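Q: Hi! Could you walk me through this one while I have it open?
A: Happy to, here it is.

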Amino acid sequence: MSQPLSSCAQSDILEATADHIRKLLTGDSSGHDFHHIERVWKTAVGIGKGEGADLFVVELAALLHDIADWKFHGGDEEAGPRAARDWMMGLGVPKETIDQVCDIIATLSFKGAGVATPMKTLEGMCVQDADRLDAIGAVGIGRAFAYGGHKGREMYDPAVPPTPHDSFGSYKKNTGPTINHFYEKLLLLKDRMNTNVGRQLASERHRFMEQFLEQFFAEWKGQR
Ligand code: ADP
Ligand code: NI
């Protein structure tokens, strides 16, 4: 076991990490800008407090979870955990903590092989809930259309219906209109939450997305 860090050392590490990530991600237009990280960080701490999780691990994992999103690294799922490990080693974070944080990041970024990966630790569950919450509700709607625009996708095309899939784990990246992403992923997230607070927040955000979609289609048809 390495020496536990003082709370002062922990807050220095968190501050340096937030600065580092802010510099790396500022200006990203694909949905992974620093504001996404800040929201996930805040929400994960809120959930983690209620759950009695180790907040140092929760905060580090939230801050570092998109450090090298695999989609932007040629499908290399190890890029995120590797970059996070290098960064934390440079700051003298204890090895046990580094291992816990990297395991969370690896599980969060793993989206392939047709299997939904369950989070092993309470800290991971808090961060995963916070990350999923940021994909739904008003902010989630905004992020979906921002991502679609970034990829040059249409908002909606009545001739391209959403592709249903057997299970969340078999989710394949939607390359169609952005509205389809709601049916293929975003509306499924409320039933994938790990914690009670996460579930509560998700059900409110879910209802808001349903209202949005109802209004969207009514306007599309000229009914409202
Ligand atoms: P996360 O930050 O949770 O890992 P992703 O990397 O999967 O999320 O996606 C980033 C954001 O882009 C999310 O808000 C997600 O809903 C959105 N997004 C991902 N794929 C699509 C898509 N095909 N169409 C619209 N939005 C998408
Ligand atoms: Ni994220």
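**Chatting through the model**

Q: Thanks! Let's begin with T97: which helix is T97 found in?
A: This is a predicted model, and in it T97 lies in helix α5, which covers residues 95–109.

Q: Is T97 buried or exposed?
A: T97 is buried: its relative accessible area is 11%, and the cut-off for buried is under 20%.

Q: And what does T97 touch?
A: Leaving out residues up to four places away in sequence, T97 touches F56, V57 and L60.

Q: Which helix has F56 and L60 in it, and what does that helix meet?
A: F56 and L60 are in α3, where they join E59, L63 and L64 in meeting α1. On the α1 side, the residues are Q10, I13, L14, T17, A18 and I21.

Q: What kinds of residues make up the contact of α1 with α3?
A: They divide into eight nonpolar, two polar and one charged.

Q: How do the axes of α1 and α3 cross?
A: Helix α1 (residues 7–25) and helix α3 (residues 55–64) have axes that come within 10 Å and cross at roughly 10°. Angles under 35 degrees count as roughly parallel, so α1 and α3 are roughly parallel to each other.

Q: Switching topic: how many helices and strands are there in the protein chain?
A: There are nine helices and zero strands.

Q: What about burial and surface for the protein chain?
A: Of its 224 residues, 45% count as buried. The accessible surface of the protein chain is about 11400 Å², with 54% belonging to carbon and sulfur atoms.

Technical notes. Residues numbered from 1 in each chain as written. Chains lettered and ligands numbered in written order. Predicted model: local features only at pLDDT ≥ 70, side-chain atom pairs only at ≥ 80, totals over all residues. Heavy atoms only, no water. Helix = DSSP H or I, 4+ residues; strand = E, 2+ residues; numbered from the N terminus. Buried < 20%, exposed > 50% of the residue type's maximum accessible area, 1.4 Å probe, protein only. Contact = heavy atoms within 4.5 Å. Areas by Shrake-Rupley, 256 points an atom, 1.4 Å probe, with all protein chains shown as cover. Axes fitted to C-alpha atoms, helices over the stretch in contact; angles between N-to-C directions. Parallel < 35°, antiparallel > 145°, perpendicular 65-115°, else oblique. Nonpolar A, V, L, I, M, F, W, Y, C, P; charged D, E, K, R; others polar.
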